[in-house]
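Open the model in a viewer and keep the selection tool at hand. The stops below say what to select next and what is there.

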Amino acid sequence: MDHFQYKAGKLLCEQVSVQELADTYGTPLYVYSAATLVHHLRQIQLAFKEVDPLICYSVKTNGNLSILQLMREHGAGFDVTSNGELHRALTVGSSGEKIVFAGVGKTEAEQRRALSEKVFLFNVESEAELLALAQVAKTMGVIAPVALRVNPDLPPKTHAKTDTSVKGVKFGLDIHSVLEVAQKFVKQSNLEICGIHMHLGSPILSVEPYRQGIAKAKTLVAELRKQGHPIKVLNMGGGFGIHYRKKEALPAQAFAEVIVPAVKEMGCKLVLEPGRFIAGNAGVLLGKVIYTKESGGKLFVIQDAAMNDLIRPTLYDSFHRIWPVEPPKGFEVPPEDYECPGEGTLSVDVVGPVCESGDFLAKQRHLPPLNQGDLLAVFSAGAYGMAMSSNYNSRPRAAEIMVSGTTHRVIRRRETCDDLIANEVEYIAK
Ligand SMILES: *Cc1c(COP(=O)(O)O)cnc(C)c1O
């Protein structure tokens, strides 16, 4: 469920007119719904309540400080993958005890900072990293809490670029070598190997991968305990899918039904790292039509949101619903099925101004006839949208707005051309 609805022929975010936000703040513009963000976090909290999990919002999904603050206020911890993300989580007042640190390439400086902040868990991905972390912990006179990130070698589940638990990707320890590696660290007094971590990939629209992953985790936990490691944490990562095309996502409850009994059986503390599930459907990206044109037998809608604002379509072949914010008569409600052309729609490529053929938000999409100045909403853009944005083509980054009920506020101002050159001007040869 989300709080973006068409009423009386125009799109509202909660009780705020999206068109008015664009008129006030310009485009491209990201608009988020606070109620939706909180609702999705709550769904996970309620579904897994029985085992009192540590829910660590994945900062990389959308790390805007106001979103992190909202998450912290509602009880979430944070999953970070860099010193920068750790910095964000600490900036909104998170305690280290609610932070978990993932990533295949943590540097010594990152390990040191995370240890001094007493993070809850390092999700460690290689033997080399275990050695390095033990060394840093030793020099600091502390014990590093570690979950071994395992690549469980499951069948492909999602796009190759976002599948993290198939054989041959860089993530985790190969499931066939975990025990051998863990054995070497039984007597390592500056590490406590106390958990298993699996982040299976994203977005996942079935419980099956979790079922398969957990079955493998169970065996591993038993074996690691036999080796003498005090395993007490099971971290199942993130990955819960969302609605991109229609209502394809599973409720949090469905995942809980698979994960909760296993956690109880293993006697572990559960950690979850949801990102997309919380933020994805809580944001839209707004773009304004600059021109339309016909070329090579195709129709193009050129609007001002581009691949530098939202790279998912070209990077992952992702599908995002798109519909006018104030649709023309007869098109007041977006279609249930976007594959199925509605009467009077035109098949268009929705593209941006960036100088790349890969700069598109949708291809061969059926939309109502559009005119210069019309506003388009790109839905389900709250996750991996702004977070993956860039300044390519020297385009200042979009502003971000948070709506709550009838109110809204800017949570990131629009970048200016001076922002683009700020780190260079002092170095111009004079
Ligand atoms: C990206 C990531 C997540 C969040 O994934 P979602 O699909 O957005 O829930 C969680 N854990 C790890 C380790 C990740 O890399």
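**Before starting**

This is a predicted model, in which local features need pLDDT of at least 70 and side-chain atom pairs count only at pLDDT 80 or more, while totals for chains, interfaces and linings use all residues. Residues are numbered from 1 along each chain as its sequence is written, and side-chain values use heavy atoms, with hydrogens and water left out.

**Stop 1: the two domains**

Colour residues 4-31 together with 280-421 as domain 1, and residues 34-276 as domain 2. These bounds come from an automatic or database domain assignment. The centres of the two domains, taken over C-alpha atoms, are 32 Å apart. On the contact between them (contact means heavy atoms within 4.5 Å), domain 1 supplies 26 residues and domain 2 supplies 23 residues. The area buried between domain 1 and domain 2 is about 2200 Å², with 50% of it from carbon and sulfur atoms. Buried area here is the accessible area (1.4 Å probe) that two parts lose on being put together, summed over both.

**Stop 2**

Helices (H or I, at least four residues) and strands (E, at least two) are DSSP runs, numbered from the N terminus. Two strands pair if DSSP finds at least two bridges between them. Strands of a sheet pair through backbone hydrogen bonds, either parallel or antiparallel.

Now zoom in on strand 1 (residues 4-7) and strand 2 (residues 10-13): the two run antiparallel and are joined by four bridges. Gln5 stands opposite Leu12, and the bridge partner of Lys7 is Lys10. Two residues lie between the strands of this hairpin, where Ala8 takes a positive phi near 50 degrees.

Which residues of strand 1 are on its covered face, and which on its uncovered one? Phe4 and Tyr6 are on the covered face, Gln5 and Lys7 on the uncovered one.

**Stop 2: the nonpolar cores**

A residue is buried under 20% relative accessible area, exposed over 50%, and partly exposed in between (1.4 Å probe, protein chains only). A nonpolar core is a set of buried Ala, Val, Leu, Ile, Met, Phe, Trp, Tyr and Cys residues joined through side-chain atoms within 4.5 Å.

The largest core has 125 residues; select Val31, Phe48, Phe78, Ile259 and Leu286, the members that touch the most others. Helix 9 (residues 252-266) gives this core its largest share, ten residues. Domain 1 and domain 2 each contribute at least three residues to this core.

Centre on Phe48. Beyond residues up to four places away in sequence, Phe48 touches Pro53, Phe240, Ala252, Phe255, Ala256, Ile259, Val260, Leu270 and Leu272. A second, separate core has eight residues, including Leu54, Val100, Leu121 and Cys194.

**Stop 3: strand 17 and Asp349**

Select strand 17 (residues 346-351), where Asp349 is placed. Strand 17 pairs with strand 15 (residues 298-303) in the parallel sense over four bridges, and Val301 has Val350 as its bridge partner. Strand 17 also pairs with strand 18 (residues 360-367), in the antiparallel sense over five bridges; there the bridge partner of Val348 is Arg365.

Is Asp349 buried or exposed? Asp349 is buried, because its relative accessible area is 2%. A polar atom of the Asp349 side chain lies 2.8 Å from the backbone nitrogen of Gln364. Leaving aside neighbours within four places in sequence, Asp349 is in contact with several residues, among them Lys298, Phe300, Ala362 and Gln364.

**Stop 4: two loop residues**

Go to Asn281, in the loop between helix 10 (276-279) and strand 14 (283-295). Asn281 counts as buried at 7% relative accessibility. Its side chain makes a polar contact (a pair of N or O atoms within 3.5 Å; within protein, one must be able to donate a hydrogen and the other to accept it, and residues adjacent in sequence count only if both atoms are side-chain atoms) with the side chain of Ser380, at 2.8 Å.

Finish at Arg395, in the loop between strand 19 (375-378) and strand 20 (399-404). Arg395 also counts as buried, at 15% relative accessibility. Leaving aside neighbours within four places in sequence, its contacts include Pro28, Asp304, Asp309, Pro353 and Leu420.
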